[in-house]
Amino acid sequence: MRIEGATALVTGANRGLGKAFVEELLARGAAKVYATARDVSTVTDPRVTPLALDITDPESVAAAARAAADVDLLINNAGIATGASVLGDEEGLRREMETNFFGPVRVTRLFAPVLAANGGGAVVNMLSVLSWLALPTTGGYSAAKSAAWAATNAQRMSLAEQGTTVTAVHVGYLDTEMAAHVDGPKVAPDKLAAQVLDAVEAGEPEVLGDDRSRMVKAALSGDLRDLYGSLG
Ligand SMILES: NC(=O)c1ccc[n+]([C@@H]2O[C@H](COP(=O)([O-])OP(=O)(O)OC[C@H]3O[C@@H](n4cnc5c(N)ncnc54)[C@H](OP(=O)(O)O)[C@@H]3O)[C@@H](O)[C@H]2O)c1
């Protein structure tokens, strides 16, 4: 699909990668951008249409789908990384699943008829290299992103019937608040946003945003000890 003239909705658009998606959509001539946030007062850009949306709240998602009935590009960007361990308390794991799995799945389910009514359009799901790799400190996040990856693949097949493309995005670290504690190479959010929108325009099913995601995806076909051993 073409971004120029599109009507896009971005979740978690008030900061980080979501804000970079908004900038790139506007730069490419999107006709309208719903910049959604839990606290809508944090969206101050006069070029966008602010909309309240908490992806963990079914009522909030239903209200957004009613209010933004002209959307033809849905960007499921919002996410959290709590550090919850799979050996830790269940509450942390549930928080990860609510935001990183049930949230985006719910948003896509409620926006699917909107996309169909507007000609098909496209969905982008922000996943992670951690959909394919789990570390002690990312057990909950990895499990949720892995589940979201599976859901993304199922959505792609189901939504093809209504002409909606679905693009999965995997990347290592991004230079945002979520990875502020991390040293080492990070991808600039504006670079990834541009790469993702190129992929949407080309109808690509998957974006690998950095060397780390390319390396881990390739390593999955090898001996698991090589992949986890290489991590030190
Ligand atoms: N940063 C990385 O290294 C990295 C790497 C791979 C993938 N990702 C993924 O990329 C996406 C964007 O991450 P980021 O780096 O931009 O993170 P970020 O800077 O922490 O921003 C997260 C965004 O998600 C929003 N959000 C959290 N829970 C929400 C909810 N229940 N409903 C609506 N919005 C909610 C936040 O809103 P508030 O301002 O209200 O908190 C914020 O706008 C996420 O899906 C993340 O998992 C990030």
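Which residues form a nonpolar patch on the surface? They are L220, L224, Y228 and L231, which together have about 330 Å² of accessible area, a value from the Shrake-Rupley method with a 1.4 Å probe, in which only the protein chains shown count as cover. A patch here takes residues with over 30% relative accessible area and no salt bridge, its nonpolar side chains being joined within 5 Å.

Please keep in mind that this is a predicted model, in which local features need pLDDT of at least 70, side-chain atom pairs count only at pLDDT 80 or more, and totals for chains, interfaces and linings use all residues. Residues are numbered from 1 along each chain as its sequence is written, and side-chain values use heavy atoms, with hydrogens and water left out.

Because its relative accessibility is 36%, L220 counts as partly exposed, a class that lies between buried, under 20%, and exposed, over 50%.

Finally, D72, in the loop between α2 (58–67) and β4, is buried yet has no salt bridge, that is, a Lys or Arg side-chain nitrogen within 4 Å of an Asp or Glu carboxyl oxygen. The nearest side chain of opposite charge, R2, is 11 Å away.

How values were computed: Patch = residues over 30% accessible without salt bridge, like charges linked within 9 Å, V, L, I, M, F, W, Y side chains within 5 Å. Buried < 20%, exposed > 50% of the residue type's maximum accessible area, 1.4 Å probe, protein only. Helix = DSSP H or I, 4+ residues; strand = E, 2+ residues; numbered from the N terminus. Lys, Arg positive; Asp, Glu negative; His and termini not counted.
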